[in-house]
Amino acid sequence: MLEIVFFYIAATVALVATVMAMTRANAIHALIYLIVSLLAVAVIFFLIGAPFAAALEIVIYAGAIMVLFVFVIMMLNLGEKGDKQERQWLQPSIWAGPAVLSVVLLIELVMVISQTNGPVSVTAVSAKEVGLALFGPYVLAVEIASMLLLAGLVGSFHLGRRYLERDNLEKQGGQ
Amino acid sequence: MDGLNIPLNHILLVSSLLFAIGMLGLMIRRNIIFILMSLEVMLNAAALAFVAAGAHWGQPDGQVVFMLILTVAAAEVAVGLGLVLQVQKRFKTLDMDHANRMQG
Amino acid sequence: MSETIWLIPLIPLLSSVTLMLFGSRLKVSQIGILGVASVGIAALLTLLLAVEFMQNQQVIQLSLWIWMEVAGFAPGISFYFDGLTLVMMSVITGVGFLIHLFSTEFMERDPSYARYFAYLNMFVAAMLVLVMADNLLLLYLGWEGVGVCSYLLVGFWYQHNANGHAARKAFIVTRIGDTAMALGLLLLFTQLGTLDIQAMVGEANQTWQVGDTIPLIACLLLVCGAVGKSAQLPLHTWLPDAMAGPTPVSALIHAATMVTAGVYLIARTHGLFLLAPTAMTVVAVIGITTSLMAAFTALMQTDIKRILAYSTISQIGYMFLALGVGAWSAGIFHLMTHAFFKALLFLGSGAIIHCLHHEHNIFKMGGLRTRMPVTFWSFMIGSAALAALPMTSGFFSKDQILLQAYQLPDIGPGLWMAGLLGALLTAIYSFRLVFVVFFGKANTEPDKNTGWRMAVPLSVLCFLAMVGGWFMIPVSEVFPASDGSHPAHWVEYVSISVPIVGVLLAYFIFYSGRLKIDGLVNSTLGKSLGQFWFSGWGIDWLYDHLFVKPYYGLANMLKGEPVDAIYGLIVALNQTFNHWLSVAQSGRMRWYLASMVAGLILVITLAANLSVGVL
Amino acid sequence: MVMINLIVILLVGGLLAILSERISDTMPRKVAMGVVLVDLLYLLVCLSGMPDITQLQAPVASDSSSWLMHFKAGWIPAFGISIELALDGISLLMVLLTLVLGAIAISASWTDIVVRKGFFEANLLWSLAGVLGVFMSLDLMLFFLFWEVMLIPMYFMIAIWGHENRGYAAMKFFIFTQASGLLMLVSILALVAVNHGATGTWTFSYFDLLNTEMAEQTAHWIMLGFFIAFVVKLPGFPFHTWLPDAHTQAPTAGSVILAGILLKTGAYGLIRFAVPFFPEAALNFSYPAMWLGAAGVVYGAVLAFGQTDFKRLIAYSSVSHMGFVLLGIYAWNELALQGAVMQMVAHGFSTAALFMIAGSLQERLHTRDMREMSGLWQQMPRMGAVAMFFVVASLGLPGLGNFVAEFLVLLGLFQVNVWITVIAATGLITGAAYSLLLMQRSFQGEVNKKWADYGLADFGPREMLTMGVMMIALILLGIYPQPVLDAAQPVLQSLLELTATPALASAEAMQ
């Protein structure tokens with residue numbers, strides 16, 4: 001019973017926080033709402049018996065990835081001018097059409113989902129089980145994921161390095 | 001399994017809502033940073049659906065896929081943010097509508 | 001000797017190849033000696049052969065190797081030698097030798113001396129192959145070979161576009177005939193299974209009856225070939241233009257030898273023609289029509305070589321008439337005598353042109369009788385023979401033709417009368433030429449006189465043109481004997497007297513001036529008729545508008561490759577689609593996203609409908 | 001193994017040519033020439049140990065041991081794909097032609113290539129390797145592979161070293177050949193699938209696919225696929241439009257290979273595959289095919305007459321000449337087939353030589369426009385004489401190879417259909433018209449003052465040697481074609497027997 005209540009609270013928090021994140025003009029504000037949303041989702045994970053996923057959600061999503069965002073936003077140094085620009089872009093005329101599309105999609109999804117029923121189990125699936133599955137039947141997926149990460153690593157290194165080099169070149173040109 | 005447990009379709013509903021919101025964000029924002037954030041929201045929504053499904057059958061597979069999504073998100077953000085820096089450097093703006101030339 | 005007849009065409013051929021390869025390194029005298037000697041040796045060998053043949057009358061068949069052997073089609077590189085071949089070979093090598101000798105002086109100053117002799121020798125070789133061939137395919141090789149040599153020699157002075165045009169015209173017009181002839185070959189092989197002339201004729205006599213359609217078609221196709229090569233109606237238009245070549249070439253190729261190849265072809269395959277009487281009538285009618293048409297045209301020409309060219313066409317018309325009426329040996333006899341006197345006339349005109357700064361217009365000549373006596377006498381004798389004055393060579397041969405034509409049932413007398421008209425015209429135009437060029441006021445001074453290398457061939461040919469009529473050509477074994485009956489004596493008397501009348505007319509009109517024709521010529525009708533005749537009956541104009549210009553037009557119209565337009569359509573279609581689709585490719589992220597979502601909605605709708613059954 | 005070596009020598013030779021460019025600028029062409037000559041020599045040495053091909057028994061098409069050479073090794077056994085090469089009379093003729101013309105092509109491009117010489121020679125050699133493979137493959141998958149191998153280097157040759165409009169020409173060439181190649185692939189797969197349906201085994205082997213039983217409609221459509229694929233290459237009307245552009249824009253060596261050899265692969269494919277696989281369908285289709293052939297003869301000749309570009313004129317003359325090949329093949333009797341094979345060989349030489357002359361003119365005058373030529377004989381008598389020789393060869397002068405070919409085709413065709421023969425024979429007249437026009441506009445006519453002080457160099461020893469080889473070849477083909485005929489005869493005989501099914505026999509009896 002308690003779980004159900006917690007679930008609805010967490011769900012509400014997640015949804016509200018996400019809406020807020022999507023509509024903020026200031027990037028840092030949006031980001032913080034997003035972190036809240038992620039944390040709320042982590043709570044849901046915990047409630048439906050996936051504590052390991054919940055932990056990862058907090059550590060990697062809310063922690064690592066969001067911090068990346070923060071760093072980049074800091075590097076970009078958008079400031080007050082950026083906020084004004086964002087507000088100008090968020091006119092109803094711009095979001096009306098997409099909103100209709102999204103709502104239609106949502107309705108469809110809901111109608112499909114409404115066919116399913118039954119509860120989720122409360123017995124937790126432990127990290128050990130996840131690990132066994134990962135390095136058992138899913139070992140190929142792990143390999144692929146590792147390659148993807150490697151590619152991401154190389155890619156971001158490459159992009160970032162060129163960013164710095166260009167910076168240096170421009171500085172030299174300036175002098 | 002008593003009827004007091006969380007119903008699966010409610011979780012899926014939350015997931016769908018998150019997804020739709022993320023998609024809306026994707027469509028209405030012009031700033032690349034926000035676009036990336038929207039993507040994160042959508043990925044997260046998908047992950048939620050997987051985990052919920054896994055929990056429904058009491059299997060670890062849902063969480064395995066969640067981890068895969070996590071890796072995808074991480075890689076995507078790493079490259080995406082690298083690109084953001086490049087775009088900002090080149091076009092002096094983060095407006096996607098301005099950076100729409102395919103070449104160059 | 002009989003085993004070595006292949007040497008006769010080979011020697012000129014080798015000489016030709018030598019001249020082509022090393023001509024630029026040889027001295028002028030060496031070139032001349034090589035060119036003349038090779039034909040001379042061939043002539044000597046022919047002479048030896050003739051002596052041998054006269055003794056034993058033996059037909060020689062010699063196969064060198066099988067040319068190609070496919071599915072029963074096995075023509076050989078093989079030669080056949082009989083009386084007819086001997087006559088042709090004698091003319092080719094004998095007259096050819098004289099003309100080569102003449103050329104050494106005529107072409108002396110030409111920078112392309114070696115090239116000239118290379119072509120000329122090659123022509124002799126090809127012509128010899130033509131007459132010696134045992135099968136029609138080898139004959140066709142010689143046939144086309146002489147065509148190419150003729151093309152090369154007509155266009156010898158290639159720097160002038162007109163010469164090139166004439167050369168191409170000569171080749172292409174004869175090629176039309178040749179192609180028909182090739183089809184004839186195809187038909188004959190398909191029907192008879194061989195192209196060996198003797199075997200083929202034998203087979204034909206067993207397979208077909210007289211008057212069948214297939215031999216008629218085959219013969220008509222062969223006639224097309226003959227008509228093209230021998231410049232008969234309707235394919236005669238190339239010959240007058242072919243006079244663009246050096247004059248000895250005209251003498252050799254366009255008077256004495258190549259143009260008579262058609263006559264030879266028909267004579268050689270007479271066994272087939274006997275099976276197709278209709279084809280023979282066609283030949284006779286073509287012959288006489290051409291003869292008259294050309295004679296009228298010759299009457300009006302002013303270019304000395306064109307007069308002779310039309311006269312050649314006319315005389316070959318007589319030969320065709322002879323073939324058409326079955327006077328085979330008379331036709332070949334006329335071929336030989338014609339070779340003598342026409343070569344003589346051409347060489348004579350060559351001498352005049354050579355000495356008169358390449359002047360061709362007879363009205364700019366005149367009074368040459370005293371200044372070029374050798375040439376004058378050659379022309380006198382040549383013209384006399386051409387006009388068939390009694391006791392000249394031309395008289396004997398033409399007389400035979402006309403008499404045999406007269407004897408043909410139904411159309412015989414008609415042909416004879418037409419032939420007489422032709423003879424009259426021949427006498428008039430040939431002596432018109434003599435009187436205008438050699439008598440009267442001198443208009444152009446000759447700057448040099450003929451040397452011995454020109455005089456000797458002229459003299460020898462004079463002799464031959466005079467006495468050639470007494471030769472007995474050894475073709476009695478080749479052709480079926482004529483019935484030997486003679487027409488009434490008055491026919492003969494008329495035939496003899498007509499040329500004399502013609503000469504007298506020419507004398508009164510063009511020399512003494514006692515017969516005034518100015519009024520007639522200057523009348524409206526006279527003028528237009530004269531113009532009509534002058535233009536060769538407007539046939540050139542007709543062909544130009546009927547075939548040449550439409551072909552050029554067609555080629556011009558298609559030049560841009562209309563088929564490509566179909567593929568162009570495909571390209572255009574693709575571009576249109578590309579245009580449509582690239583509108584969607586706007587480069588705006590949010591537009592892509594929106595369309596992606598729309599697509600997603602669509603897919604989910606479909607998927608849900610199909611698999612789950614909801615919605 | 002000999003056949004594999006032949007191909008490998010060329011492939012490796014290409015790499016050597018690229019590498020040798022580092023040694024010196026003139027090295028690649030020497031290497032390429034050496035490689036081709038070595039290849040040719042190797043083939044001849046290997047042949048000398050073989051039984052005389054003219055004495056050879058007629059190869060039974062379904063019995064591989066009766067072929068001159070046969071090689072088979074596994075490749076992709078799961079689909080029945082193997083590396084199967086074989087050599088019979090026709091293949092041998094084509095292989096010899098390929099190697100000889102390859103050497104000639106290298107000689108033709110001796111001086112006119114200035115950039116990336118090594119890569120050029122490599123492309124040339126690779127293309128030759130592909131052609132050899134095409135002529136020897138008896139596995140359809142391998143055939144298709146080589147088919148592509150020969151085309152792609154050719155694309156590069158046109159696209160990189162071509163003349164002013166090379167991009168367009170190369171793309172057109174590529175699209176046409178790729179589209180037809182794809183069609184062929186589809187047809188091959190369809191045939192294999194049909195065979196699988198009938199026998200239950202997957203195989204791409206020529207011998208196994210012969211006599212595949214199939215419904216009439218199926219055979220018709222698959223046959224049509226093969227037909228179009230090969231006719232595009234031939235090229236037959238109306239699929240020829242890539243050829244004038246490709247020929248005109250290709251460098252000299254490219255034109256020589258393209259006209260001399262590559263076109264022959266289409267004809268070879270028709271003789272080897274398109275007809276024997278589907279004897280009845282091919283017979284039913286023979287009239288349309290022959291009409292296309294006759295149309296090609298006439299259309300090519302008329303268009304050639306209208307051209308002002310030297311190379312374009314020759315290109316259209318190729319369309320006309322290859323029309324005879326198409327006619328010969330679809331008349332499908334021994335005379336006509338021999339004529340077609342003969343035409344493939346003779347046309348290879350005559351057109352290659354004309355393209356080489358065109359290349360020499362382009363190199364000297366920097367134009368191919370005949371309106372700017374005229375009277376070139378004056379300055380280049382040797383080149384003029386050589387050109388005259390090949391022009392009369394191409395218009396079918398008896399005593400030279402092309403005549404034998406055309407006459408045999410017409411002779412065979414005449415027994416099948418008289419009216420098509422008559423139409424095709426007009427090609428002899430129109431052929432004379434454009435050939436002589438070519439001569440008139442370039443070498444004869446008034447001497448163009450423009451070139452007077454250009455100091456145009458006549459043909460040198462290298463060029464005369466190359467031309468001499470081709471002239472001798474054409475003369476030999478013209479007066480003693482028997483070796484070629486003998487080499488092809490057993491093969492054609494066996495093909496004719498193979499296709500002599502009862503239905504065909506009755507059709508022939510009706511003739």
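1. The loop between helix H12 (310-331) and helix H13 (334-365) of chain D holds D:Trp332. In this predicted model, phi of D:Trp332 is near 50°, a positive value in a residue other than glycine. D:Trp332 counts as buried because it has 25 C-beta neighbours inside 10 Å, and the cut-off for burial is 20 or more.

2. C:Met391 sits in the loop between helix H17 (373-387) and helix H18 (393-407) of chain C. Is C:Met391 buried or exposed? C:Met391 is exposed, since 12 other C-beta atoms lie within 10 Å and a residue with 12 or fewer is classed as exposed.

3. The secondary structure of chain D amounts to 19 helices and two strands. Strand S1 (residues 69-76) and strand S2 (residues 81-87) of chain D pair in the antiparallel sense over seven bridges. Within this pairing, D:Lys72 has D:Glu84 of S2(D) as its bridge partner, and D:Ala73 has D:Ile83 of S2(D). The hairpin has four residues between the strands, and there D:Gly80 takes a positive phi near 70°. S2(D) is mostly covered, with six of its seven residues buried.

4. As to overall form, the C-alpha atoms of chain D fill a box of roughly 75 × 55 × 45 Å along the principal axes. Of the 511 residues of chain D, 62% count as buried. Among contacts in chain D between residues at least 6 apart in sequence, 80% join residues at least 24 apart.

5. Chains C and D meet through 41 residues from chain C and 42 residues from chain D. On the side of chain C that touches chain D, at least two residues each come from strand S1 (60-66), helix H5 (136-154), helix H6 (161-192), helix H24 (539-558) and helix H25 (562-584) of chain C. H6(C) gives the most, with 13 residues. By class, this side of chain C has 25 nonpolar, nine polar and seven charged residues.

6. Chain B places 61 residues in contact with 75 residues of chain A. Helix H1 (8-28), helix H2 (32-57) and helix H3 (61-91) of chain B are the elements that give two or more residues to the side of chain B that touches chain A. The largest share of that side, 23 residues, comes from H3(B). Its residues divide into 42 nonpolar, 15 polar and four charged.

7. The largest nonpolar core has 419 residues, and those with the most contacts inside it are C:Phe123, C:Ala343, C:Leu344, D:Val256 and D:Ile329. Not counting residues up to four places away in sequence, C:Leu344 touches C:Ser378, C:Ile381, C:Gly382, C:Leu458, C:Leu461, C:Cys462 and C:Ala465. A second, separate core of 87 residues includes A:Ile44, A:Val120, A:Val125 and B:Phe34.

Definitions and conventions
Residues numbered from 1 in each chain as written. Chains lettered and ligands numbered in written order. Predicted model: local features only at pLDDT ≥ 70, side-chain atom pairs only at ≥ 80, totals over all residues. Contact = placed C-beta atoms within 7 Å. Nonpolar A, V, L, I, M, F, W, Y, C, P; charged D, E, K, R; others polar. Core = buried A, V, L, I, M, F, W, Y, C linked by C-beta atoms within 7 Å. Pairing = 2+ DSSP bridges.
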